[in-house]
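Here is a friendly walk through one protein model and its ligand. Please keep the viewer open as you read.

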Amino acid sequence: GVGRKVMNTDRDVAEVLRENKKNVAIMYGSQTGTAEDLGKRLAQEGELGFGLDMMVMDPDMYSVETLSKLDKKQLLVLVLATTGEGEACDNMAPWFGQLVGEDLFTEDFEDAEQIEFEHPEDGEFDEERPLANLRIAAFGLGNTTYEHYNWCIRQTVRRLQSLGAQLVGPLGLGDDDGDLENDFEEWKKVALPEICKAIGVDSTAPKRTYESTYVVKELDIDKAKDRDDVGKLAIGSGAPAIYDSSNVYEAVVTAAYDLAVPSRDRKFIHVDLALPESSKMTYKTGDHVGVYPANSEEAVNELLQVLKLQPETKIAVVNRADPTKPCSLVPHSPSTYASVLRHYLDITMPIPRSSIKYILLPHAHCDAAINYLTRLADDNDYYHLQISDPYKSPAELLAHIISIETSADPSYTPVFSFDLLFDLLPKLSPRFYSISSSSLVHPSTVSITASVLLYSNSDNVQRFGTTTNNFNVLKTVLSDRDSYTSPSPYSASLLSSITNSHSDPYLIHGFNTSLRISPDNQFKLPIYIRPSPFKLPTDPSIPIIMVGPGTGLAPFRAFIHERSLQSRSGSSVGSTILFFGNRNKDADFLYQDELSLLIDQINLNSPSNPNSMLITAFSRDQPQKVYVQHRIAEHKDMVYDLLFNRGAYFYICGDAKFMVKDVVNCIIDCLAEKRAIDRDSATDIFNRFRESDQYYEDVWS
Ligand code: 2AM
């Protein structure tokens, strides 16, 4: 099954800092990789701009009891994301549980553990305030569209303070619904000098110059084994009992097809992945699947051309400080330039301002380039205009710098070396999808329902979502499965011959040789399962109301499959109501026939509760928009009765930005009207409902 790896939690934060000659520990709580990346960037800036010695650490590997041993020349920075309905990220969950307690949204810490803090070797220890020596700085990643905004960082900081810790600088709260990047930049600007002051580091002293963390060595091609570590992250031999982000499973893709009719800027794809019994991988209805994407060949080649490197050159990547240690990001050696860019680094995300300032600017040669990069680093509006609004890729920015340099001085050829990329770019992180199959009905298949995005930005260049375009390529290749013969594994020419025969506008840019083809023509995707609290009632007779526009439908397809099977196996299944919305009935009524049939079966088999329903809102089939919340309002008598008289569970899944707020407001209006109370009282009642076991959200932005 899915579980968590037991980490070596005895490790002593203070001791590891000392061993590594560092004075600041940056602990990140990261689910999708963003917080970890911000931690890495903070360390870069602290070291290059302020003379701090910072170390990025994973709290899952350290003991919280040793925090009391940090002395006044050391400091702890927390960079913590809040996920889901106010939860800590997986790697922060053990610390959060110990510090704040399992009973989430209470304001006191009654449920928190009595932690046995360790006594520092020399230095006083106050039993009442065991963390009196600890200085902390803190930045949280959250989203104001969620109810428990930045809960994890706020609670963790409050608890550490109650144990005596002293907060240095402001508590930074990043809002992913606004401009998280800018929130982080603004916080750093204040926090870094404060951190220096707190631990007695002179931030005005001369700083070190940038040196890449890793060194790349080109290998003798003849000696290196000719193999490509395609799709491999840390895939062990044999079948380990636990798969997670550091131990992924390569799932065979058994089906991939279009759902509904693709439009110019968007289409929906269904993907099935096999989880055979032998894999020992299991999932539960409502869980998420993390998929490791591969970057497209176009993007890989574009960047390698800018760097003037050959894709297939064999390389080894090692730590500069200790060349016997390989770079943890590239587990296989030898690798190739192309392979590293395909699988391990995010090569599409724009380079952030601080990296421009501390890594690219020192490489600038002519005044024009220096001015350009300085302005990007210092002027947020200019950075937006030039880089983040058009979503300029790292390759585009580097190419632009080179063109500035060569036009100023044709005799000068600027080179950016490959090892810079490990510091400039975030690692390629998995993308999570709500599983759209039921583990009861299909225990050995995980289904994904994804929308493939194709969008033009302010510069009118088409941009593509990396993972979903991987799915799109799979779909096209699989639908042509019979038209190719005995490919050699990983053959680029094979795939290009297939893909070039298509006129699908999505495909050309999504084209990707890195999807693994095994000798028996199987395509594989590296995945792992992330458990989720988004679950059906264990008693199937409890009614449910589901609200899922667009791909928010995904987990509800699974729910409806499961309830239908339960009804066919003789259970009494309560009312099962789905509110689904999309643009046009003819083009994107996802799974129409299947869902209608399943709902009919539920009604047929549970005649005592015969009002399971599929209620749709097609927003663009008429002049004015019709959304799921409008349909809820039309059915307010039924919705009110189910939720507040019959104990129905309520589920919302989908794009958080406006939909959840709109739906929530609609339910509050309905409450106010039905009970003839004012809106504030209705809001209070709803908020209590929201905290109860009857309410579930699975939202993203
Ligand atoms: P629109 O794109 O026509 O505005 C899935 O994307 C569906 O959700 C689409 O029909 C989309 O409509 C709709 N949608 C967009 N914003 C919404 C909101 N605030 N509330 C509910 N549905 C919304």
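## About the model

This is a predicted model, in which local features need pLDDT of at least 70 and side-chain atom pairs count only at pLDDT 80 or more, while totals for chains, interfaces and linings use all residues. Residues are numbered from 1 along each chain as its sequence is written, and side-chain values use heavy atoms, with hydrogens and water left out.

## The chain as a whole

The chain holds 22 helices and 22 strands; these are DSSP runs numbered from the N terminus, with helices being H or I of at least four residues and strands E of at least two. Of its 701 residues, 56% are buried, meaning under 20% relative accessible area with a 1.4 Å probe, protein chains only.

Among contacts (heavy atoms within 4.5 Å) with a separation of 6 or more, 77% join residues 24 or more positions apart. The accessible surface is about 29,500 Å², and carbon and sulfur atoms hold 49% of it; areas come from the Shrake-Rupley method with a 1.4 Å probe, and for residues only the protein chains shown count as cover.

## A five-stranded parallel sheet

Five strands make an open, parallel sheet in the order β20-β19-β18-β21-β22, where pairing requires at least two DSSP bridges between two strands. β20 (613-618) and β22 are the edge strands with a single partner each, so one side of each has no neighbour in the sheet. On average, neighbouring strands are turned by 10° against each other, direction ignored. Helix α16 (residues 554-568) packs on this sheet, where it touches β18 (544-547), β19 (576-582) and β21, and its direction makes about 155° with that of β18. Axes are lines fitted to C-alpha atoms, for helices over the stretch in contact, and angles run from 0 to 180 degrees between N-to-C directions.

Six bridges link β21 (residues 649-655) to β22 in the parallel sense. Along this pair, Ile652 stands opposite Glu697 and Cys653 opposite Asp698. Strand β22 (residues 695-700) is largely enclosed by the rest of the structure, because five of its six residues are buried.

## Around the ligand

Which residues are closest to the ligand? They are Ser619, Arg620, Lys625, Tyr627 and Asp662, in a shell of 14 residues, each with a heavy atom within 4 Å. α21 (656-675) gives the largest share of the shell, three residues.

Ligand oxygen atoms lie 2.5 Å from a side-chain N or O atom of Tyr627 and 3.4 Å from a polar backbone atom of Arg583. A ligand nitrogen is 3.1 Å from a polar side-chain atom of Gln629. The protein covers 80% of the 480 Å² of accessible area that the ligand has on its own.

Definitions and conventions: Buried < 20%, exposed > 50% of the residue type's maximum accessible area, 1.4 Å probe, protein only. Polar contact = N/O pair within 3.5 Å; in protein donor to acceptor, adjacent residues only side chain to side chain.
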